[in-house]
Amino acid sequence: ITDFTDGVCKAGSPIDEDGAVANSEDAIGILLYDVYEENPNGSLIKAFAVINTANAEANADLTFDDAVKTALPMVIFE
């Protein structure tokens, strides 16, 4: 992960192939857990998952663009 705010990239953030937050069609997954700058390794939800959209958006402090949902057709946003 390459995109940090105050040393953390929050769980629920859509991430692109470069590890940056990408609330767009460039998203390749949704960050599963908070990732900290001192250890920038994370896990992404990419397929066969159901996301509680309200919780993910609140934690990541964003609203998913429709492009993210389209880019991740095997993830269910509820």
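Let's start with the parts list: the protein chain has 2 helices and 7 strands. Both come from DSSP runs, numbered from the N terminus: helices are H or I with at least four residues, strands are E with at least two. Along the sequence, the order is β-β-β-β-β-β-α-α-β.

A word on the source. This is a predicted model, where local features need pLDDT of at least 70 and side-chain atom pairs count only at pLDDT 80 or more, while totals for chains, interfaces and linings use all residues. Residues are numbered from 1 along each chain as its sequence is written, and side-chain values use heavy atoms, leaving out hydrogens and water.

Now the overall build. The C-alpha trace spans about 30 × 25 × 20 Å along its principal axes. Of the 78 residues, 41% count as buried. Buried means under 20% relative accessible area, exposed means over 50%, and partly exposed is in between, with a 1.4 Å probe and protein chains only. The chain exposes about 4,600 Å². Carbon and sulfur atoms supply 47% of that area. The areas come from the Shrake-Rupley method with a 1.4 Å probe; for residues, only the protein chains shown count as cover.

Next, contacts, meaning heavy atoms within 4.5 Å. Take those between residues at least 6 apart in sequence: 51% join residues at least 24 apart.

On to the sheet. Which strands form it, and in what order? Three do: β2-β3-β5, an open sheet with antiparallel pairing. Two strands pair if DSSP finds at least two bridges between them. At the edges are β2 (14-15) and β5 (44-45), and each pairs on one side only.

Last stop, the aromatics. The structure holds 1 aromatic pair. Phe64 and Phe77 form this pair, edge-to-face, at 5.3 Å centre to centre and 70 degrees between the planes. What does the pair tie together? Phe64 sits in the loop between α1 (53-60) and α2 (66-71), and Phe77 sits in strand β7 (residues 75-77), so the pair links parts 13 residues apart in sequence. For the cut-offs: rings of Phe, Tyr and Trp (its six-membered ring) pair if their centres lie within 6.5 Å; planes under 30 degrees apart are stacked, over 60 edge-to-face, and the rest tilted.
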